[in-house]
Amino acid sequence: MESDISQAFQEELTCFICLSCLTEPVTISCGHSFCRACLQLSWEDTPPPVHCPMCREPCQKKEMRTNVVLKKLMSIARQAKLMKDLSSEEHKCVTHKETKRIFCVESRLFLCQLCSNSHEHRGHRHCSIEAAADLQMERVLKQMASLWEKIQENQENIETEKRTASLWMEYVTLREEMIRTEYRELHPFLCKEGEKHIECMRKEGQCVLEKLRKSEAMMVQKSKELRDMYQELMAMSQEPYVVLLQGLDDMVRRSESMQLSMPQALRPELKALPITGLTERVKHIQVHIFLENVSPFHYKMNLFNVLRKFSFGPHSKDTSMISVGCYLASWGSLNFFSGKYYWEVDLQDSADWAVGVCKDSWLRNTNQMIDYEGAFLLVCVKEGNHYSLLTTSPVFRHYIERPLGKIGVLIDCEVGCLSFLNVAKSSLIYRYPTGTFQNPVLPFFSSGLEGRTFNPAH
């Protein structure tokens, strides 16, 4: 009878996935329990809904909760096994013939009471073997949790690098056509300069692409190392407490060292190459813009934080002080109906900024951050020490050097076209296609929550 009960308990404390004793048991919605690590690996590459490995019941979310009762039972079972192992003859003190019940933290040795009071160990930290065993188990589980986070972070970086490599080549191709169009509109004698410009850009683009591929390869290698280490820790977590108490230190040191050097995703950008006569040819249509309407915008979502997450991912920091989405903006009352206009904006080293034109309806739309319809903006967002340039309508990321100082805005109302210029570098940042917008539009500027209003360049 006792044997049957013991067998039943043993089955309940066994993980269906690894067929070993449960380690850090978690329970899912259907009621079945597994090792946390086993379930994480089982579900890793499967998008929701996932299924229970045992009964196949679907789970809409990858939710798992620590089963406190099973965790306690597993600790009791492991402690009982430890006491049984220590009561054997091989674990008795050779000198004093007593059972070893004390663990020396410094020397990682099992000691009897008399040995712990000896001159050799008297100054060391001691604790009961049972307490030391529980601490070691918590230590290995903490290390596994940290390592799993790094595995997931590295996998996200791999996907980012793959996506960036694809977007990078598309961007270089788009920019090549945009530069070619710009040169066609300048004097014919600049054709050779245009081809040289494009050739330099192609070479730079190919060089960056090779770096992206090397970076991805390094991340893939890192993924293998992290996963091998994780498997080692998983195996160690299944070992008896006697082994866990004496064989963990080196493994933890290697795991911690491995997590210190994580390859990071590259943030590639093209140099802002100059175009001869780019700013000079628009000086005759330069106007002085007055953006007399200055107001904090209270919207459901913050323009800069939405685009920050678009650029840097869901883990980017929200720098908005007001969660509902407040930012300072300026716009003009004068609508542009026809003609060509050019003006410059002094950014004054702003971290977050947006400049361009917009429809009056966009200013009145409190849901504007969802689709950006009616706003044609060049936006810069900062995350840590990194910057990202984007345009709206549609939202598009630009892999080009961030402009410093002044931004030039050129609008051609006759064909519905808008261009942004890097004034200091005499370089084209972006040119919207012909027919992008319909008149009328208003000039717009925002410097986020820094408290700066529009500052026209003179």
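Visitor: At what angle do the axes of helix H5 and helix H6 cross in this predicted model?

Guide: The axes of H5 (residues 129–185) and H6 (residues 191–237) cross at roughly 165 degrees and come within 9 Å.

Visitor: How is such an angle read: are H5 and H6 roughly parallel or roughly antiparallel?

Guide: Angles over 145 degrees count as roughly antiparallel. H5 and H6 are therefore roughly antiparallel to each other.

Visitor: Which hand does the crossing of H5 and H6 have, left or right?

Guide: The crossing in which H5 passes H6 is left-handed. In the contact of H5 with H6, the residues comprise 25 nonpolar, 11 polar and 12 charged.

Visitor: Turning to the strands, in which sense do S13 and S14 pair, and over how many bridges?

Guide: Two strands pair if at least two bridges are found between them. S13 (residues 375–383) and S14 (residues 386–391) have 6 bridges, in the antiparallel sense. One of the residues involved is Val379, whose bridge partner in S14 is Leu390.

Visitor: What stands opposite Leu390 in S15?

Guide: Arg397 does. S15 (residues 396–398) runs antiparallel to S14, and 3 bridges join the two strands.

Visitor: How many residues lie between the strands in each hairpin, and where is phi positive?

Guide: The hairpin of S13 and S14 has 2 residues between the strands, and Gly384 in its turn has a positive phi of about 65 degrees. The hairpin of S14 and S15 has 4 residues between the strands, with Ser393 at a positive phi near 60 degrees.

How values were computed: Residues numbered from 1 in each chain as written. Predicted model: local features only at pLDDT ≥ 70, side-chain atom pairs only at ≥ 80, totals over all residues. Heavy atoms only, no water. Axes fitted to C-alpha atoms, helices over the stretch in contact; angles between N-to-C directions. Parallel < 35°, antiparallel > 145°, perpendicular 65-115°, else oblique. Left-handed = near helix turned anticlockwise from the far one by under 90°. Nonpolar A, V, L, I, M, F, W, Y, C, P; charged D, E, K, R; others polar.
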